[in-house]
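Biologist: I would like to learn how to read a model of this kind feature by feature, with the general idea first and the particular case after it. Could we begin with charged side chains and how they pair?

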Amino acid sequence: MTGWAHRLWLRIWLATIAAIVVVAVLAVAAWRVLFDPTQPGSGTATMASGLIAELPPNDAPALLAQQALERARSRSDADYALFDANGRVIARAGRAVPPPRLDEEDSHWVGWHTRAAEGSEAADRPRLPAYALKLADGRWLVVRRSLRSLHRPVGPWPALALLALAVAAGTYPIVRRLTRRLERLQRSVERLGGGDLTARVAVEGRDEVARLAISFNDAAARIEQLVQAHRGLLANASHELRSPLARVRMGIELMHTGNRPEIAQEIARDIAELDALIDEILLMSRLDALAPDAQALRDRFESLDLTAIVVEESVRAGAEFSGDAVVLAGDARLLRRLVRNLLDNARRYGGAAPIEVALTRGDRSAVLAVSDRGPGVPEAERERIFEPFYRAQGAAETAGGVGLGLALVRSIVHQHGGSVQCLPREGGGSVFRVTLPSA
């Protein structure tokens, strides 16, 4: 199961949260840089420091201090107040400012809002903070800039536009990487739909898109395999049908030359071969059609006595049987065809030695083994002999069969959820071992 960290919906959700966090951080940073007068280097503290040289000494008349503050106010739209060491107002120019905090030993910021004492007209109106600068003689100079005089490099709308651009730039790589993968998947689907059965898509990551790419590749490989199998089936079926048809046509022509009963018998055998070939081709096509929906076939299985089927077919083929009583769920007609094909293959290629059939029962499976004393199958061909119309080296067409018997065996075994192997037999020959899940 894919970990939570690789779930696509979680990554999109986290990307959204991250974008919101980025917006919040950038907004706070923009406020502090563009609008917060309390930051180092702000104009308010600079104005207060620049005014110290214009103030009269501590023992000068208050009128001189008043004039100095008014001159400063005329140069800037700011509020000024001069307090003595005890917090009493010496002079003031502009709107009232909050008094300094006498318990502070150094310069500091005071007050974000005015109070009722400032006058009813300005009461509770938001104000910028005031900067209280402590002078060397113990007096306090308090300066507060107005909102109109506050320097703003950009306005609010341009600032929001810059934030939007920053968020867009941050989320673009995430969104584009996701959509680019989906676009590649779309192009592969279009190629497959256009007839290119080799179309595949690269698997990137471990999220839902990656699993979709894996499913697409598996489906494309399965479609390519089925199409190639059907093409091979059609080509080989055409070849296999041509031989008995030619013999039938020649036999009919020979029958016109005279009364020859052996020709009629040969024609009957050719017709029987054609009938068997057509039956196996139809069954092979039916099993291929059911392969994608194997579970639907298994739902129709019934409990049956496999031992009885194997014994009946062994007697028919003259094989020696030994084994256990086995009951499993399956399709009786298909399992009978499986056993019959294995026995026919052993009789056809196994030489004169008797065929041995063994059926054993395990905890969760049943094993059917059909052994012969034929020439055996080379290791390189033990898998290929289960392909449709494939004949092992040295197997002549005159031996009978059309190369579909073992292919049907494998298809039937797979439909029942089992496996089949061709193994060498000690002392010579081959062993075809079928493993089926037992009831």
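Biologist: How accessible is Arg191, and what is its relative accessible area?

Modeller: Please keep in mind throughout that this is a predicted model. Arg191 is partly exposed, because its relative accessible area is 40%, a value between the 20% and 50% limits that separate buried from exposed. Side chains of opposite charge can pair when their charged atoms come close. In this case Arg191 forms a salt bridge with Asp196, the closest N and O atoms being 2.8 Å apart, and Asp196 is itself partly exposed, with a relative accessible area of 26%.

Biologist: Which parts of the chain are linked by the pair Asp79 and Arg95?

Modeller: The side chains of Asp79 and Arg95 meet in a salt bridge, at 3.5 Å from N to O. This pair links distant parts of the chain, with Asp79 in strand E1 (residues 78-83) and Arg95, 16 residues apart from it, in the loop between strand E2 (89-93) and strand E3 (108-110). Asp79 is buried, with a relative accessible area of 1%, whereas Arg95 is partly exposed at 28%.

Biologist: For the salt bridge of Asp84 and Arg88, is Asp84 buried or exposed, and is Arg88 buried or exposed?

Modeller: Their side chains meet at 3.2 Å, N to O. Asp84 counts as buried because its relative accessibility is 14%, a value under the 20% limit, while Arg88 is exposed, with a relative accessible area of 51%.

Biologist: Let us turn to strands; how many bridges join E10 to E12, and how many pair E11 with E12?

Modeller: In a regular strand the side chains alternate between the two faces of the sheet. Here strand E10 (residues 365-371) is joined to E12 by 7 bridges, the two running antiparallel, and the bridge partner of Ser371 in E12 is Val431. E11 and E12 also pair in the antiparallel sense, over 6 bridges, with Pro424 standing opposite Ser430 in E12. These two strands, E11 and E12, form a hairpin with 5 residues between them, and Gly427 in the turn has a positive phi of about 95°.

Biologist: Where is Arg425 found, and why does Arg425 count as buried?

Modeller: Arg425 is found in the loop between strand E11 (419-424) and strand E12 (430-437), and it counts as buried because its relative accessibility is 14%. Leaving aside residues up to four places away in sequence, Arg425 touches Glu356, Ser371, Asp372, Arg373, Ser430 and Val431.

Biologist: And for helices, how many residues of H10 are buried?

Modeller: An α-helix has 3.6 residues a turn, so residues three or four places apart point the same way. Helix H10 (residues 405-415) is mostly covered, with 9 of its 11 residues buried, among them Leu406, Val409, Ile412 and Val413. Gly417, which follows H10, has a positive phi, near 75°.

Biologist: Which residues form the nonpolar patch on the surface?

Modeller: Trp13, Leu14, Ile17, Val21 and Val25 form this patch, and together they have about 470 Å² of accessible area. Trp13 lies in helix H1 (residues 8-34).

Methods:
Residues numbered from 1 in each chain as written. Predicted model: local features only at pLDDT ≥ 70, side-chain atom pairs only at ≥ 80, totals over all residues. Heavy atoms only, no water. Patch = residues over 30% accessible without salt bridge, like charges linked within 9 Å, V, L, I, M, F, W, Y side chains within 5 Å. Areas by Shrake-Rupley, 256 points an atom, 1.4 Å probe, with all protein chains shown as cover. Salt bridge = Lys/Arg side-chain N within 4 Å of Asp/Glu carboxyl O. Helix = DSSP H or I, 4+ residues; strand = E, 2+ residues; numbered from the N terminus. Buried < 20%, exposed > 50% of the residue type's maximum accessible area, 1.4 Å probe, protein only. Contact = heavy atoms within 4.5 Å. Pairing = 2+ DSSP bridges.
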